[in-house]
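Try each task before you read its solution.

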Amino acid sequence: MPAVTVRLGAATASLLISTPPLRPRERRAPPAAAAVGAGVLLRSVLATPGPRGPLPAMAQTHDAFSPPASEERVEIMNKHGERLVGLLHNTGSNKIVVLCHGFIATKSDSLILDLASALTKKGSSAFRFDFSGNGESEGQFEYGNYRKEADDLYSVVLYLYQKNYDVTAVVGHSKGGDVVALYASIYDNVRTIVNLSGRFDLNKGIEERIGEGSIDRINKEGYLDIKDKFG
């Protein structure tokens, strides 16, 4: 899937802002696929009116008198019975953005932390978590498993809806960017999908990491043994 960067103009942004909130079981005609840059995220997602109208002015941004966002450790079961561990940054707003890490990363990756900080400073709550097999979450680490990670994300979004949060966007970086794009093609319950530097040539990624000819060996043998520099 080719990587696409879209800079939103005023007309496009107004469409995002006026889109009504969705719920897990609602369906609608899917919008044209787009991956938006990080600079657009805070401007478009945070301005989107929730089910009860715009947030009060004090909730839109933090100042010297605003309390910092509280952090709560949350455990969510995925469809495979594995514990997904996440951190909820609660600003008091029911608007929330879910952050998805990349390959061999975790919810504590520096970029994920920076995004969570930027969002909470603007008054939005944020949720960052480890995909199954990564970080603190249960499960076995796998190289690909994009569909399973999309299912993990669905379990997280469903949990947040059940807790009466309005999930305004899901944001994925690198491999997580591919996961959120796949998520949008399967589930239709989040109105804004943000792909940050998602890999567009997956075959090249395999060759880069585990050696030239690895795809041919996998196709022939059905598996591939990987050795590190120590054998």
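Predicted model: local features only at pLDDT ≥ 70, side-chain atom pairs only at ≥ 80, totals over all residues.

**Exercise 1.** Sort the lining of the second largest pocket by residue class.

*Solution.* Start with the definition: a pocket is an open set of points on a 1 Å grid over the protein atoms alone, where a 1.4 Å probe fits, with protein on both sides within 12 Å along at least five of seven lines; lining residues have an atom within 4 Å of a point. Next, list the lining: Phe103, Tyr143, Gly144, Tyr146, Ser174, Lys175, Asp178, Arg199, Leu202, Gly205, Ile206 and Arg209. Then apply the classes: Ala, Val, Leu, Ile, Met, Phe, Trp, Tyr, Cys and Pro are nonpolar, Asp, Glu, Lys and Arg charged, and the others, Gly among them, polar.

Residues are numbered from 1 along each chain as its sequence is written, and side-chain values use heavy atoms, without hydrogens and water.

**Exercise 2.** Which helix gives the most to this lining?

*Solution.* Helices are DSSP runs of H or I, at least four residues, numbered from the N terminus. Helix 6 (175-186) and helix 7 (202-210) each supply at least two lining residues. Of the helices, helix 7 gives the most, with four residues.

**Exercise 3.** What fraction of the protein chain is buried?

*Solution.* Buried means under 20% relative accessible area with a 1.4 Å probe, protein chains only. By that cut-off, 41% of the 231 residues qualify.

Methods: Buried < 20%, exposed > 50% of the residue type's maximum accessible area, 1.4 Å probe, protein only.
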